[in-house]
Amino acid sequence: MFENNLKHPVFQLIAKATDETGQSAFVVGGWVRDLILGRASKDIDIVVEGSGIELAGKIALELGQPHKLVVYKNFGTAMLKASGWEIEFVGARKESYRNESRKPIVEDGSFEEDISRRDFTINAMAISLNNKNFGKLIDLYGGMADLEKKVIRTPLEADITYSDDPLRMMRAIRFAAQLNFTIDCESFEAIKRNASRIRIVSIERVMDEFNKIMLSPHAGKGLKMLRSAGLLREFFPELDAMQGVDVVDGKAHKDNFFHTIQVLENLCKNSDNLWLRWAALLHDIGKPRTKQFDSKIGWTFHGHEFVGSKMVPRIFKQLRLPLDDKMKYVQKLVLLHLRPIVLSETVVTDSAVRRLLFEAGDDIDDLMTLCEADITSARQEKVKQYLRNFRLVREKLAEIEEKDKLRNWQPPVSGEDIMETFDLNPCREVGVIKTAIREAILDGIIPNSREEALQFMIEEGKKLGLQPKNNAN
Ligand code: ATP
Ligand code: MG
């Protein structure tokens, strides 16, 4: 019995109202699941045998202001917002599906019919809000047992459930990744059989679930499931193509998919930034296209960071991910992901550190976090060695940053300064001089000061046959 968890006045009011009208009402789905899991939530779904809109209106009236009621006539639902809670009322319904669409034909139905159309047993439990058995758990499909066994299972036949609404395949894996559950064997086989039907679902909805998987504590596990179920290749073939190992002359390269997953898992321990997780997912995406075998050194992936970063915009577009600064951030991290490793392997020069600071800007810390996650050697002493070197790189970064303030740095002489000095219109020479000044400062040839930079500008101009306008020098 859960009556002690139903203290919110809305629940009491519903009990009173159903008593008066003779309807039945239940709190169902995710809220019940999360209550039992001890994850309190403020998203509540109420199913009413009868009109959900009518009941919601009655409750809103009783509660009075400032409670906000929004009615969606077309969907037959109403949403009541009250001090952070979002309570959705809907009439019990039954659904029938057609082959070509995941949108069912919806008709009024009984409470039992409504419960049976739900995706998983753990999401198909309800708690009664009726006076005669207020707080009673109604578990028609063994959801409680499945919660205890930590298993995702469909209430009705799995093949039909997934074929009717293929988005449920993504949801199954999403819940497994969020809750660290397994998917029932039979159910997983059904997902494999129905994987190609994910194509009838809009990419936006698929990616909504995909990003929930990416953000979940067990994102790596979810991604492995997406691949082995055959879903990944349907909507994200570039990532699927990372899997596999080639062997030539007895030499194998590492499996880039499983390496990527390990990097993502390492990163998940240190960051819940969705886009940094995306950078981890895509950091080696250029590897399949740059793979070559060299009889002397074995497998190489030369330039995979460039090729990979060039692939990012197309992948984001195809998956309807934002094409704004989030995409640019991922692209930048993919491009730079080898730089701290290269730094840590050589003598760390000031100029190499300056360059990295200049190119990474404010994302330098995220880049370092990504690179540390990228160390996946099975040899512990090698991992330790790398992490030690990274600490040195971090120290050096902090030291140079303190000294030169190069984060988000702009060179002290602008294009306008150059045009003004040499009396030029915009032309190639302006760019040449500007680049020369920037490089000289990054390389430590001249200090990062306006005075020195102006002097250097005049010398560079002279090399190009240019004279300062008022020929002071
Ligand atoms: P969360 O809110 O954490 O995403 P949830 O289980 O509450 O999890 P919602 O999308 O809010 O998920 O859906 C609420 C309930 O509606 C679910 O618990 C489930 O009973 C049902 N449901 C949602 N989507 C589907 C679907 N595609 N097929 C069948 N039932 C679904
Ligand atoms: Mg919910």
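Predicted model: local features only at pLDDT ≥ 70, side-chain atom pairs only at ≥ 80, totals over all residues.

1. Where does ligand 1 sit? The largest pocket holds ligand 1. The shell around ligand 1 draws on two of the assigned domains: domain 1 (3–143) and domain 2 (150–235) each provide at least three residues.

2. The shell around ligand 1 consists of 14 residues. The closest of these are R33, N123, D165, R168 and R174. By class, the shell has 10 charged residues, three polar ones and one nonpolar one.

3. Which helices each supply at least two residues of the shell around ligand 1? They are α2 (30–36) and α7 (167–179). The largest share comes from α7, which contributes four residues.

4. In the side chain of D165, an N or O atom is 2.9 Å from a nitrogen atom of ligand 1. For R174, an N or O atom of the side chain is 2.9 Å from an oxygen atom of ligand 1. The side chain of R171 has an N or O atom 3.0 Å from an oxygen atom of ligand 1.

5. How much of the accessible area of ligand 1 does the protein cover? On its own, ligand 1 has 580 Å² of accessible area, and the protein covers 73% of that.

6. To put the site together: ligand 1 is in the largest pocket, with a shell that includes 10 charged residues and takes at least three residues from each of domain 1 and domain 2. Within that shell, α7 gives the most residues.

Key. Residues numbered from 1 in each chain as written. Chains lettered and ligands numbered in written order. Heavy atoms only, no water. Near = heavy atom within 4 Å. Polar contact = N/O pair within 3.5 Å; in protein donor to acceptor, adjacent residues only side chain to side chain. Areas by Shrake-Rupley, 256 points an atom, 1.4 Å probe, with all protein chains shown as cover. 1 Å grid on protein atoms, 1.4 Å probe; cavity = no way out; pocket = protein on both sides within 12 Å on 5 of 7 lines; lining within 4 Å. Sits in = over half its atoms within 2 Å of the grid points. Nonpolar A, V, L, I, M, F, W, Y, C, P; charged D, E, K, R; others polar. Domains from an automatic or database assignment.
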